[in-house]
Amino acid sequence: MSIQTVGIVGAGTMGNGIAQACAVSGIQVVMVDISEAAVQKGLATVAGSLDRLIKKEKITAADKEQALARIKTSTSYDDLKGAQLVIEAATENYDLKVKILQQLDALLAPEVLIATNTSSISITQLGAVTRRADKFIGMHFFNPVPMMAMVEIIRGLQTSDATHDTVKALSEKLGKSPITVKNAPGFVVNRILVPMINEAFQVLSEGTASAEDIDAGMKLGCNQPIGPLALADMIGLDVCLAVMEVYLKEFGDSKYRPCYLLREMVAAGRLGRKTGQGVYTY
């Protein structure tokens, strides 16, 4: 199957990033969210991102206008009917994702592929709530989507070879470098990354070093471009906590127990960049 139009449910950070990547690559996009304000905010974010690329001379003003013209915004799932692939990019919440996926499954034609951008929830389990588990797959993009080359393509137990091959080809068309992953909690990248972030919070909570020195140590000692605590602020502390809770539940291993300081900061609403305060103040 050739993907000409991609539907995206969610106009937030990941959704609008995926929309931009698709539109810049010549693919038509339908981006849906619950309110007109939400989709317009997502579209404005794409426009701002494209403006930065113009300043860096990566694209032209004409490229920007053509990309924006490929993105249709809507508050109605009915507008997704013309897509060959619909990507769910909602908040990392199992019940919410199930609700969205079942709505999409009932609405879309049987041949339409459905993907989820989950970073930790079982693809096999999510696929099983639909009637097209063979056409269901995980596409885990990384933030910021337009800049990051990585896409994890996660196969559920039921995912067909044709679905996998179509999604892999699309990822490559977007200029990404996909890796294929078997279904398992956290897949590959987050399975390694998020426990490292959690451990950084543990070191911070014990007073072993300041946040600045922890991040500097990992940047200079491990050649990481950003420290784990600053990265947590970028990801969102609530997302990091949710992922760790999934690991603890699925693996039943205490090594995945979320750090108490991480729980406290989430409870206080200090979620990182998106709230203006996390480990650092923005």
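This is a predicted model: local features need pLDDT of at least 70, side-chain atom pairs count only at pLDDT 80 or more; totals for chains, interfaces and linings use all residues.
Entry 1, helix 7 and helix 8. I looked up how helix 7 (residues 189-205) packs on helix 8 (residues 211-222), and found an angle of about 140° with the axes 10 Å apart. Helix 7 is therefore oblique to helix 8, as an angle counts as roughly antiparallel over 145 degrees. I noted the crossing of helix 7 past helix 8 as right-handed. I then listed the residues that meet: Met196, Ala200, Val203 and Leu204 come from helix 7, and Ala211, Ile214 and Met218 come from helix 8. I sorted the residues of this contact and got seven nonpolar, no polar and no charged.

I took helix 9 (residues 228-235) and helix 10 (residues 237-251) next; their axes come within 6 Å and cross at roughly 100°. The two helices are therefore roughly perpendicular to each other. On the helix 9 side I found Ala232, Asp233 and Ile235 making the contact, and on the helix 10 side Leu237, Val239 and Cys240. I counted five nonpolar residues, no polar and one charged in the contact of helix 9 with helix 10.

I located Asp105 in helix 4 (residues 94-107). Is Asp105 buried or exposed? Its relative accessible area is 5%, so I recorded Asp105 as buried, the cut-off for buried being under 20%. I looked for a partner and found that the side chain of Asp105 makes a polar contact with the side chain of Arg132, at 2.7 Å. Leaving out residues up to four places away in sequence, I have Asp105 touching Ile114, Thr130, Arg131 and Arg132.

Definitions and conventions. Residues are numbered from 1 along each chain as its sequence is written. Side-chain values use heavy atoms; hydrogens and water are left out. Axes are lines fitted to C-alpha atoms, for helices over the stretch in contact, and angles run from 0 to 180 degrees between N-to-C directions. Helices (H or I, at least four residues) and strands (E, at least two) are DSSP runs, numbered from the N terminus. Angles under 35 degrees count as roughly parallel, over 145 as roughly antiparallel, 65 to 115 as roughly perpendicular and the rest as oblique. Contact means heavy atoms within 4.5 Å. Ala, Val, Leu, Ile, Met, Phe, Trp, Tyr, Cys and Pro count as nonpolar, Asp, Glu, Lys and Arg as charged, and the others, Gly among them, as polar. Buried means under 20% relative accessible area, exposed over 50%, partly exposed in between (1.4 Å probe, protein chains only). A polar contact is a pair of N or O atoms within 3.5 Å; within protein, one must be able to donate a hydrogen and the other to accept it, and residues adjacent in sequence count only if both atoms are side-chain atoms. A crossing is left-handed if the near helix is turned anticlockwise from the far one by less than a right angle, and right-handed if clockwise.
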